[in-house]
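This briefing goes through a single protein model, topic by topic. Please keep the sequence and the structure open while reading.

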Amino acid sequence: MRIKMCSIHVQNPAEAFKFYTEILGFEELMAMPEHQLFIVKSPDEGQGTGLLLEPSDNPIGEAYMKGVYDAGMAAIVFGVPNVQAEYERLAAKGVKFTGEPESDPSGSMSAVFDDTCGNLIQLHQD
């Protein structure tokens, strides 16, 4: 058994799709704009796990997304081989981070950024 797809609530799926593909570097798995359906995937995983950019157009999804964001919690964690390098790459593209990369007590590096779509995203060093 494996994870086929997961989702993240976003304010505007089309804008999120643009950010996730053009800025972060994910690839299109499926795009059906007429249905507000956008799914991306990592370019490193072949037909790997899909990330559905879920419209937050219902009160439950909107409240969840706002609550997580307001609490300063990351909605999802993306693994990268080098957090510092990814931080520098994304910052150069205008991505806003909540702070510099930091190491946790185990020595793993992480950094958190705003995805411009209503979420904080954590980068974690693999």
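## Cysteines, pocket and core

C117 counts as buried, with a relative accessibility of 3%. The model is predicted, and the count of disulfides in it comes to zero.

**Cysteines**

- C6 counts as partly exposed, at 31% relative accessibility, whereas C117 is buried at 3%.
- A disulfide needs two cysteine sulfur atoms within 2.5 Å.
- Seen from C117, the closest cysteine sulfur is that of C6, again at 15 Å and too far for a bond.

**Largest pocket**

- The volume of the largest pocket is about 580 Å³.
- Its lining is made up of 26 residues, and those nearest the centre of the pocket are F26, S42, E45, F78 and G79.
- Two or more lining residues come from each of β3 (37-41), β4 (50-55), β5 (74-80) and α3 (83-92).
- Which element gives the most to this lining? It is β5, with five residues.
- By residue class, the lining of the largest pocket holds 15 nonpolar, five polar and six charged residues.

**Largest nonpolar core**

- The largest nonpolar core contains 25 residues, and Y20, L53, F78 and F113 have the most contacts inside it.
- The elements giving two or more residues to this core are β1 (5-10), α1 (13-23), β3, β4, β5, α3, β7 (109-114) and β8 (120-125).
- α1 supplies the largest share of this core, four residues.
- F78 is among the residues nearest the centre of the largest pocket and among those with the most contacts inside the largest nonpolar core.
- Leaving out residues up to four places away in sequence, F78 touches Y20, L24, F26, L51, I121, Q122, L123 and H124.
- One of these contacts of F78, Y20, is also listed with the most contacts inside the core; another, F26, is listed with the residues nearest the pocket centre.

**Loop residue T116**

- T116 sits in the loop that runs between β7 and β8.
- Is T116 buried or exposed? T116 counts as exposed, at 56% relative accessibility.
- Apart from its neighbours within four places in sequence, T116 is in contact with Q11 and F19.
- T116 and V40 are separated by 76 residues in sequence, and their C-alpha atoms are 16 Å apart in space.

Note on methods
Residues are numbered from 1 along each chain as its sequence is written. This is a predicted model: local features need pLDDT of at least 70, side-chain atom pairs count only at pLDDT 80 or more; totals for chains, interfaces and linings use all residues. Side-chain values use heavy atoms; hydrogens and water are left out. On a 1 Å grid over the protein atoms alone, a cavity is a set of points where a 1.4 Å probe fits but cannot get out, and a pocket is an open set with protein on both sides within 12 Å along at least five of seven lines; lining residues have an atom within 4 Å of a point. Grid points are joined across faces, edges and corners, and a volume is the space filled by probe spheres set on the points. Ala, Val, Leu, Ile, Met, Phe, Trp, Tyr, Cys and Pro count as nonpolar, Asp, Glu, Lys and Arg as charged, and the others, Gly among them, as polar. Buried means under 20% relative accessible area, exposed over 50%, partly exposed in between (1.4 Å probe, protein chains only). A nonpolar core is a set of buried Ala, Val, Leu, Ile, Met, Phe, Trp, Tyr and Cys residues joined through side-chain atoms within 4.5 Å. Contact means heavy atoms within 4.5 Å.
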